[in-house]
Amino acid sequence: MIGNYPLHLMILVLLWGYIYTSWSLMGRLGLVSFGHGAFMGIGAYTVVMLWNHFGWSPWAGALAALAFAAAVAILIGYPCFRFRIVGHYFALVTLALSEVARLVIVALRDQTGGSLGATPNSALHGGATAAPGALQFSDKQVWFWIVLAFWLAGLWVWRAVDRSMARLALQAISEEEEAAASIGIHVARAKLRITLISALMTCAGGVLYAQYQLYVNPDTVSGIGISLQMVFGAIAGGMFVMLGPTVGAAFTLLLAEGLRLAFGNRYPALDSTLYGAMLVLFIIYMPKGILGAALEALRARTARPIAPRKSSGMPSA
Amino acid sequence: MQMLSLTKVCAGYSGFQALFEVSVEVEAGEAVAVIGPNGAGKTTLLRVISKLIGATSGEIRMEGASLARVPAHEVVSRGIAHVPENRRLFPRLTVEENLRMGAFPRAARKRYGERLEFVYGLFPRLEERRGQPAGTLSGGEQQMCAIGRALMSGPKLLLLDEPSAGLAPVVVQAIFDLVRRICAQGYTVLIVEQNIRQVLKVVGRAYLLEAGRIRLAGNSREFLDSQEIRKTYLGL
C-alpha cells in the first residue's frame, strides 16, 4: 500500500480534476464562469450544516445541496441567457456570485462558524473507521475509490456532451449567437442546460470535498479565490481536451504544495497571486493549456513526414 | 398564394427607429428584392422577419399565420431561413458541421442525409472542402456555405442579406447566378441588396427602401425604367 501523503495527493488530484472537468464543460463552450466557487460552497456547507444542526444524513443533505445549487444556477443563468449577457459581462456577473456566497457564509457565523470554518460532527465512535450513513471514512483508500468513480463519471459526461448535438449547438452559439438562434437553436435553453450540468457536478464536488476533509472554510470552498483556481487550473491544463482539466489539477496541486513547502504560511494569498499572474501568461502564450499544447506538438511531429505529399493534392478531411 | 406579408411594420433599436410602417408582400414562388442605400433599414427588415428583433407595431404573417408570438429559434420551423449579413458562419466548425447545424430542428434532422446530398449537388465546391473549418474558406465559398446552411432546414422562404457584399466582381456574378438557380428550384426568395443592377436581373419585383420607408414598389422592368432609380442608383 502506498503512503498516506501520496494517496492524499492522488485523491486531491482526482477530486479537483473532477471539479475542473465540471467547470470546463461550460468554460470551453464560451461560458466562462468565475462563480463556480459558489456551487462548490453550496455543496460543502449545505451538507455540513444540515448534518450538524438537523442531523440530516449527508446523503439527504447532498440532495438538498443539489436542489439548492440548481435553484441558484437557474436564478443566475436564466436572466443572463435570456438578456444575452455574454463574454466579459457574464464573467462579471458570476464573479459577483462567488463572492456573495462567501460573504453569506461569513455573515451567518452563528450557524456556519464564519471565517473560522466548521467541522462536521464526527460519526466515527469507538474506533470505527467507516460510517457510510454519515459519509465519513477514516480510511483514505475508501475515498480514493469514491473520488475515482466521480472523476470517471465526469469524463463520461464530458464525452457524452461531446458526442451530442448540444456540443455543436453550444459551440455555434459561442461563435455566432444570432446565427445560432436563426437556425433554430433555443439559445437560452441550451446554455441553461449545460450550466445546470456543470453547476450540479461542481456542487457534488463540494460535498465530497467537505466529507473528505471533514472541515469546511468559506475561503477554501467558495469565494473568488477558489473560483479563480478553477478557471486557472482548467485553462492551464487545457480545457479543450478531455484530460486537460485533470492535468491542470495536478499542476495546481504541485504548485500549491511546492509553495507551501518552500514558504510555509509566511505569505498568505501567495498561491492566488501566482495563479492570477500565471493565468495571464497561459492565456497569452499557451491558450490551449499544457495538455492541449503537448498534444498539438505531438500531432505536428507525427504529421510532418507526410505533409509534403498532402499539400500537392486537394485538401481533404 | 401569399407566402409572407408585412403590414405597417415599425421597428428599431433602443432610442432609434429604423423602420416606419413598412408593408411588403411576397407571393409563393416569387423572387423579390428590397433595394436601397446603406442604412435604409434593409438588414433590420430581414431581422424583424426572423424575429431577431421585435416589431414595435404592425403585423408579420407567414403563410397566413402571425409571427407575433413566435420566438427567434422557432422561425426556421415555420419555413423561413435567414442568410445573415456577412454570412455569420461558425468559423471553427467544419463546412459539414455548419451544414449539419442548418438541419438542427428536430424535423429537419430526419432529412439531413438527403438535403446534404442536395446542397453538395448545388455546390460541389463545398463537398470538396467539407472537413475544413468554415473560417478558412474564401469569401465566395463562405457565401455558398451560408446559403447551403440555410437550405439544410428545407425552407420555403429564403431571406438573403446582401449576398454579394465584400466579394470580388467575378464572384459576385457567380453568386447571382446561384441565386437565380435557387429561385428556379422553386424557393421563394426575399433578397436585400445594394448591387441594384445585378439584383434586378434576378428578381421579378422590387421595393425601394429609403430612410426606413418604402418609397417605391413595382416589377423589375419598372424599376429599371424609373427615372429616379436610374439617376440615383444606377448613375445613368
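**Charged and nonpolar surface residues**

Q: In which element is B:Arg106 placed?
A: This is a predicted model: local features need pLDDT of at least 70 and side-chain atom pairs 80 or more, while totals for chains, interfaces and linings use all residues. Residues count from 1 along each chain as written, chains are lettered from A and ligands numbered from 1 in written order, and side-chain values use heavy atoms, without hydrogens or water. Helices are DSSP runs (H or I, at least four residues), numbered from the N terminus. B:Arg106 belongs to chain B, in helix H4.

Q: Is B:Arg106 buried or exposed?
A: Buried means under 20% relative accessible area, exposed over 50%, partly exposed in between (1.4 Å probe, protein chains only). B:Arg106 has 66%, so this residue is exposed.

Q: Is A:Arg167 buried or exposed?
A: A:Arg167 sits in helix H7 (residues 165-175) of chain A. Its relative accessible area is 19%, so A:Arg167 is buried.

Q: What area does the nonpolar patch have?
A: Nonpolar side chains are joined within 5 Å. A:Leu281, in helix H13 (residues 270-285) of chain A, is partly exposed at 46%. With A:Val280, A:Ile284, A:Tyr285 and A:Met286, A:Leu281 makes a patch of about 530 Å².

Definitions and conventions: Helices (H or I, at least four residues) and strands (E, at least two) are DSSP runs, numbered from the N terminus. Patches are made of residues with over 30% relative accessible area and no salt bridge: like charges are joined within 9 Å, nonpolar side chains (Val, Leu, Ile, Met, Phe, Trp, Tyr) within 5 Å. Accessible areas come from the Shrake-Rupley method with a 1.4 Å probe; for residues, only the protein chains shown count as cover. A salt bridge is a side-chain nitrogen of Lys or Arg within 4 Å of a carboxyl oxygen of Asp or Glu.
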